[in-house]
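Here is a friendly walk through one protein model. Please take a look at the sequence and the structure, and then read on.

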Amino acid sequence: MSPPSYSVELRTAAQDSPPKYFLDESGKMRGICVDIIDALMEKEPSLKFVGYDKYLPFKRMLRSLELGELDVFVGLKENEQRKSQYVFLDKPLYEISYVLAQKTHHELAITNLNVLRKLSKYEKVLTVFGSASNRYLQKEGITNVDGSAKSPQKLLNMLMAGRGRVAFYHNLGLNQAIKQAGLESEIRILPAKLSTYSHKIAFSKSVNPEVIDLVEKALESLISSGELTEIQSQYGL
């Protein structure tokens with residue numbers, strides 16, 4: 001048996017956050033971050049990402065990355081605290097925007113958060129339990145929030161059942177959930193982008209800088225070839 005062609009093994013994990021990472025009907029891990037990892041390994045055959053076929057709780061993943069128990073995570077938002085804990089590549093993988101969705105026959109025009117603040121307490125803003133979108137609404141002082149949906153799919157079910165006026169989540173998750181549920185004619189995403197941020201590749205500080213440079217060059221190759229844009233477009237970005 002011939003030895004493996006790769007020489008650099010990078011330990012990582014999957015986050016239970018579709019469509020970043022999700023298990024398909026056959027039990028295979030898929031998602032935009034999986035597609036990016038596969039493309040990086042194809043660009044640079046010496047790289048071998050391992051562990052992205054298994055979920056790890058998000059907080060545990062962050063801690064493991066900080067301790068060096070994991071080497072890398074693909075698809076992390078950079079902030080000031082995390083910049084001090086991890087090494088981020090400068091180039092973003094994709095941009096995400098917080099958006100609102102409503103039933104197609106509703107005509108509520110929302111261009112900013114002030115419109116949400118003016119809704120009555122009975123006109124609920126629906127979002128996903130424990131998500132960054134939920135925390136964002138709280139931070140912005142939106143009080144009429146129902147954040148009980150346990151997944152983007154359940155969020156759409158609640159919207160269709162009339163349990164809220166609008167659904168608030170990021171466009172990456174909403175696009176995928178609407179498509180999977182076959183609700184393209186029933187639910188529309190409003191054009192206003194209420195906040196935009198990017199996901200990047202983050203490394204443990206214990207990873208050799210030469211390895212980080214290798215991944216960075218593979219990512220730059222994906223960008224220059226247009227392959228990263230193709231991956232993004234498959235997920236409505």
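## Ala-149 and its surroundings

Let us begin with Ala-149: apart from neighbours within four places in sequence, its contacts (heavy atoms within 4.5 Å) are Thr-127, Val-128, Phe-129, Lys-154, Leu-155 and Met-158. Ala-149 belongs to strand 9, which covers residues 145–149. With a relative accessible area of 1%, Ala-149 is buried; here buried means under 20% relative accessible area, exposed means over 50%, and partly exposed is in between, using a 1.4 Å probe and protein chains only. From Ala-149 to Ser-64 there are 85 residues in sequence, and their C-alpha atoms are 28 Å apart in space.

A word on the model itself: it is predicted, so local features need pLDDT of at least 70 and side-chain atom pairs count only at pLDDT 80 or more, while totals for chains, interfaces and linings use all residues. Residues are numbered from 1 along each chain as its sequence is written, and side-chain values use heavy atoms, with hydrogens and water left out.

## The chain as a whole

The protein chain contains nine helices and twelve strands; these are DSSP runs numbered from the N terminus, with helices being H or I of at least four residues and strands being E of at least two. Its radius of gyration is 19 Å, close to the 18 Å from the globule rule for 237 residues, so the chain is as compact as a globular protein of that length. That radius is taken over C-alpha atoms, and the rule is 2.2 Å times the number of residues to the power 0.38. Along the principal axes, the C-alpha atoms fill a box of roughly 65 × 35 × 30 Å.

Of the 237 residues, 49% are buried. Among contacts between residues at least 6 apart in sequence, 71% join residues at least 24 apart.

## Nonpolar cores

A nonpolar core is a set of buried Ala, Val, Leu, Ile, Met, Phe, Trp, Tyr and Cys residues joined through side-chain atoms within 4.5 Å. The largest one has 63 residues, and those touching the most other members are Tyr-21, Ile-36, Leu-40, Phe-49, Val-74, Leu-116 and Ile-201. Helix 1 (residues 32–43) gives the largest share of this core, eight residues. Another core, of 16 residues, lies apart from it and includes Val-99, Met-158, Leu-159 and Leu-183. Met-158 is also one of the contacts of Ala-149.

Is Pro-152 buried or exposed? Pro-152 is buried, with a relative accessible area of 7%, and is found in helix 6 (residues 152–160). Beyond neighbours within four places in sequence, Pro-152 is in contact with Val-128, Tyr-169, Gly-173 and Ala-177. Val-128 is among the contacts of Ala-149 too. Pro-152 and Lys-124 are 28 residues apart along the chain, with 16 Å between their C-alpha atoms.

Gln-180, in helix 7 (residues 171–181), is partly exposed, with a relative accessible area of 47%. Not counting residues up to four places away in sequence, Gln-180 touches Phe-22 and Gln-153. Gln-180 and Ala-101 are 79 residues apart in sequence, and their C-alpha atoms are 15 Å apart in space.

## A cis peptide bond

The peptide bond from Pro-18 to Pro-19 is cis, with omega near 5°. Pro-19 sits in the loop between strand 1 (8–11) and strand 2 (22–23).
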